There are 2 protein chains.
Amino acid sequence: MSHRVVVIGGGFGGIHAVQRLRRAPVEITLIDRRNFHLFQPLSYQVATGALSPGEVAYPLRAIFKSAPNVHVMLADVTGFDLEPRQVRLANVPGMDAAPPSVEYDTLIVAAGSSYSYFGHEDWRQYAAEVKTLESATAVRAQILRAFEAAELMTDPETRAAEMTFVVVGAGPTGVEMSGQIAELARDTLRHDFRAIDPRTARVILVDALDRVLSAFPTSLSRRAHRSLEDLGVTILLDHTVVDVNQYSVTLSAKHGGTERIHTRTVIWAAGVTASGLGRQLSELSGAELDRADRLTVEPDLTLPGHPEVIALGDMVRVRAGGGDPVTYPGVAPVAIQQGRYAAGLVGDRLAGRGTKPFHYVDKGNIATIGRGRAVAQVKFLKLSGLPAWLVWLCVHLWYLIGFQNRLLVCIKWSVSFFTHGRSARIITYQPTPEAVQHSDKGAGDEARASGVRGG
Amino acid sequence: MSHRVVVIGGGFGGIHAVQRLRRAPVEITLIDRRNFHLFQPLSYQVATGALSPGEVAYPLRAIFKSAPNVHVMLADVTGFDLEPRQVRLANVPGMDAAPPSVEYDTLIVAAGSSYSYFGHEDWRQYAAEVKTLESATAVRAQILRAFEAAELMTDPETRAAEMTFVVVGAGPTGVEMSGQIAELARDTLRHDFRAIDPRTARVILVDALDRVLSAFPTSLSRRAHRSLEDLGVTILLDHTVVDVNQYSVTLSAKHGGTERIHTRTVIWAAGVTASGLGRQLSELSGAELDRADRLTVEPDLTLPGHPEVIALGDMVRVRAGGGDPVTYPGVAPVAIQQGRYAAGLVGDRLAGRGTKPFHYVDKGNIATIGRGRAVAQVKFLKLSGLPAWLVWLCVHLWYLIGFQNRLLVCIKWSVSFFTHGRSARIITYQPTPEAVQHSDKGAGDEARASGVRGG
């Protein structure tokens with residue numbers, strides 16, 4: 001019987017591990033609670049109506065249709081038995097097939113992370129995020145519905161609250177979301193309403209640190225800051241969120257004082273917590289967790305004491321030679337490189353070869369702000385404005401899986417660029433909050449919706 | 001103050017009435033409970049993963065952005081006061097703006113129809129339809145999830161039930177749906193699974209009449225029948241549905257005997273009932289209703305006794321010279337021609353001119369079956385196979401609103417035609433049944449998802 005590899009999570013880490021293993025003499029089972037790979041760095045574009053869900057998601061079965069040794073399984077992973085080596089499964093919502101437990105010889109866990117609310121789980125219902133396709137679609141409906149509600153209102157205060165959008169977290173996702181909402185209001189929707197002027201919408205970007213894009217060089221943070229202000233975004237730095245409810249967000253300034261902003265739309269892009277599967281592996285193996293529940297793995301990404309279990313992506317931090325474990329940024333290239341490394345490790349073992357520890361090749365950092373506006377750092381090169389945006393465009397199109405998607409997205413972006421239109425501006429009725437919340441967790445949340453770094 | 005026209009429903013009838021009125025000296029308010037126009041003849045393509053929701057829906061505000069006298073209002077119409085002339089409104093779900101009542105000088109009601117379940121409302125939860133975007137997306141998830149469930153199952157009987165799809169109603173929508181599901185199973189998904197062979201899926205098309213596409217000439221029905229059988233569809237004619245539940249459909253044959261089919265997926269494409277707004281107008285004016293709740297209007301589409309109220313589309317039947325009222329087919333061209341007629345009537349009145357009664361110009365009939373397969377009747381010309389399919393393609397692309405959509409759909413279809421792919425094959429978690437059901441009713445359901453006829 002050939003070596004059985006079970007991969008949990010169809011995000012960037014999982015699919016790249018499977019891609020590289022497909023020609024190896026192994027039987028692969030890829031388990032995810034969604035039937036699609038989400039190109040998460042673009043999910044914010046779904047949240048602002050620039051792209052349709054189908055353009056950033058690709059069926060896992062379609063990706064691996066020509067690999068007969070790859071089995072895709074739509075199921076929810078509930079736990080592990082490390083001895084005997086088994087993955088326990090449950091149904092995904094809406095399906096009543098009872099999936100059997102799955103045995104493995106090697107287990108690759110790439111279950112990603114989800115947004116944390118700093119211990120305030122009750123904020124989740126008022127502050128949506130854009131990490132999953134369902135939540136991105138819900139955010140789209142919420143933003144568009146706010147303008148629709150404002151159009152119907154006559155009271156100036158409630159109208160102003162509807163037209164106020166607060167984005168929490170000025171990392172790549174927060175910068176992208178606030179820039180996109182500003183463009184939507186000032187550009188796309190400009191002529192769409194009669195009672196309100198969408199250009200008077202307020203977009204407020206809040207961060208606890210003292211600059212936007214803190215992972216970037218200071219000079220690029222400054223440029224991004226200026227670009228956002230040009231688009232009409234109000235940036236509140238050194239402010240932390242102390243309360244979120246249905247009608248407002250309350251901020252506390254670092255230098256004293258609190259401020260209450262009346263708003264009906266809060267987008268959450270601050271702080272992630274690793275998949276709960278990391279905690280389970282920690283309890284079973286004694287491996288450490290950090291404050292964000294990231295599992296500490298060995299330099300070769302294996303679980304301490306369990307070389308047959310590999311964990312990767314933004315649910316882990318990696319033990320280095322002698323110092324502290326390394327927390328890599330939660331972006332797609334890290335997951336991709338780790339997924340490929342994991343596949344290589346499996347291949348090396350089967351061939352009886354040794355494997356060097358994982359080494360991350362950082363090819364750069366890129367974040368987009370709006371039409372023709374971005375900042376990028378590639379090695380020592382710093383770019384901003386249109387050149388950075390063109391780099392961003394090429395990198396993202398290159399990594400979009402599937403010929404058709406790439407072509408369609410390219411055409412859509414070209415048309416949008418020249419017409420300022422956003423065609424995916426439809427409001428459909430939404431899943432219940434329970435369903436959305438449920439779908440925020442578990443496998444498949446690999447690689448958060450932030451800047452793709454090089455490669 | 002200029003003449004106030006209120007239009008209810010952003011379907012084909014409503015938007016064509018507004019299009020033609022936009023240059024008239026009138027103030028127009030277009031009310032819909034969705035923020036988009038749905039190109040309903042293609043909603044079945046969403047239900048089978050060939051197109052994304054954003055490709056068959058276009059924001060109403062975007063359509064009328066350059067018409068300053070057109071106000072779009074996202075609201076639910078709850079009723080009318082014919083004296084004083086007012087439309088009563090309520091919120092759409094998820095929005096808490098209280099929309100005011102709206103006054104009109106002329107009212108155009110184009111609120112469409114929804115599927116009826118022959119008095120068995122309880123069947124709705126088990127037999128989904130593809131008339132609204134939300135239900136089409138839900139059907140897509142249901143079909144794909146059935147294959148996923150079958151892949152996980154080991155019991156041959158439950159697996160066979162998951163892989164059995166029953167389509168009720170062999171009109172254009174039923175024919176299109178069953179053809180598409182067969183293609184999905186035999187072609188698109190062929191290599192996607194490991195435990196099951198999707199080509200063994202059973203697709204069963206049921207109708208109470210003795211032929212498919214009964215609105216078409218008999219020879220074309222025969223061709224469509226053969227094409228469907230070539231695709232592997234089992235056709236059960238002269239069969240009526242007597243029960244639908246979570247696990248099966250029970251049929252009664254015209255010539256005696258009942259048959260129970262074990263299935264988890266039933267698609268409903270039989271029998272529509274007019275919008276409840278028709279019943280309200282009937283109660284207020286004394287106008288007759290037919291068995292499908294269609295409102296009987298005068299030869300000029302006005303409500304008896306209320307020339308200032310016009311009703312059109314598949315929620316009405318039209319009184320003719322002396323004989324019985326005429327029930328036009330519930331297709332887009334009827335709604336479009338009636339919408340334009342209504343706009344002309346308003347213009348004529350304002351100019352003090354008389355208007356001839358409404359006259360429908362029937363340009364033909366077309367239904368698609370699968371890739372390169374269709375049947376069409378244009379005047380005395382009967383087409384089938386690839387020529388009919390090309391006519392179908394041209395007609396539908398021509399009528400798709402918005403340059404970008406038309407281009408994207410065209411590219412997508414071309415790619416699909418050559419690659420046999422369907423890219424929009426994603427399962428997202430679904431709204432609650434209540435939400436779907438709620439969204440089935442009310443304004444905006446104009447022009448059912450059947451063959452577009454010529455003009």
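A:Glu148 is buried, and B:Arg61 is buried as well, where buried means under 20% relative accessible area, exposed means over 50%, and partly exposed lies in between (1.4 Å probe, protein chains only). This is a predicted model, in which local features need pLDDT of at least 70 and side-chain atom pairs count only at pLDDT 80 or more, while totals for chains, interfaces and linings use all residues. Residues are numbered from 1 along each chain as its sequence is written, chains are lettered from A and ligands numbered from 1 in the order in which they are written, and side-chain values use heavy atoms, with hydrogens and water left out.

Side chains of opposite charge can pair when their charged atoms come close. The side chains of A:Glu148 and B:Arg61 form a salt bridge, at 2.6 Å from N to O; the term stands for a side-chain nitrogen of Lys or Arg within 4 Å of a carboxyl oxygen of Asp or Glu. This pair runs between chains, from A:Glu148 in helix α5 of chain A to B:Arg61 in helix α4 (residues 60-63) of chain B. Helices (H or I, at least four residues) and strands (E, at least two) are DSSP runs, numbered from the N terminus. Over all chains, the structure holds 36 salt bridges.

Another salt bridge joins the side chains of B:Asp105 and B:Arg4, at 3.1 Å from N to O. It links distant parts of the chain, 101 residues apart: B:Asp105 is in the loop between β8 (102-103) and β9 (106-109) of chain B, and B:Arg4 is in strand β1 (residues 3-8) of chain B. B:Asp105 is partly exposed, with a relative accessible area of 22%, and B:Arg4 is partly exposed, with a relative accessible area of 22%.

B:Glu288 and B:Arg317 also meet through their side chains in a salt bridge, at 3.4 Å from N to O. B:Glu288 lies in the loop between α9 (276-285) and β20 (295-297) of chain B and B:Arg317 lies in strand β23 (residues 316-318) of chain B, so the pair ties together parts that are 29 residues apart in sequence. B:Glu288 is partly exposed, with a relative accessible area of 43%, whereas B:Arg317 counts as buried at 15% relative accessibility. In chain A, salt bridges that share partners join A:Arg4, A:Glu103 and A:Asp105 into one network.

Next come the packed helices. Two packed helices are described by the angle between their axes and the distance between the axes. In chain A, the axes of helix α5 (residues 133-152) and helix α7 (residues 172-188) come within 12 Å and cross at roughly 35°. Axes are lines fitted to C-alpha atoms, for helices over the stretch in contact, and angles run from 0 to 180 degrees between N-to-C directions. From α5(A), the residues A:Val139, A:Ile143 and A:Phe147 meet A:Met177, A:Ile181, A:Leu184 and A:Ala185 of α7(A).

In chain B, the axes of helix α5 (residues 133-152) and helix α7 (residues 172-188) come within 12 Å and cross at roughly 35°. B:Val139, B:Ile143 and B:Phe147 of α5(B) make the contact with B:Met177, B:Ile181, B:Leu184 and B:Ala185 of α7(B), contact meaning heavy atoms within 4.5 Å.
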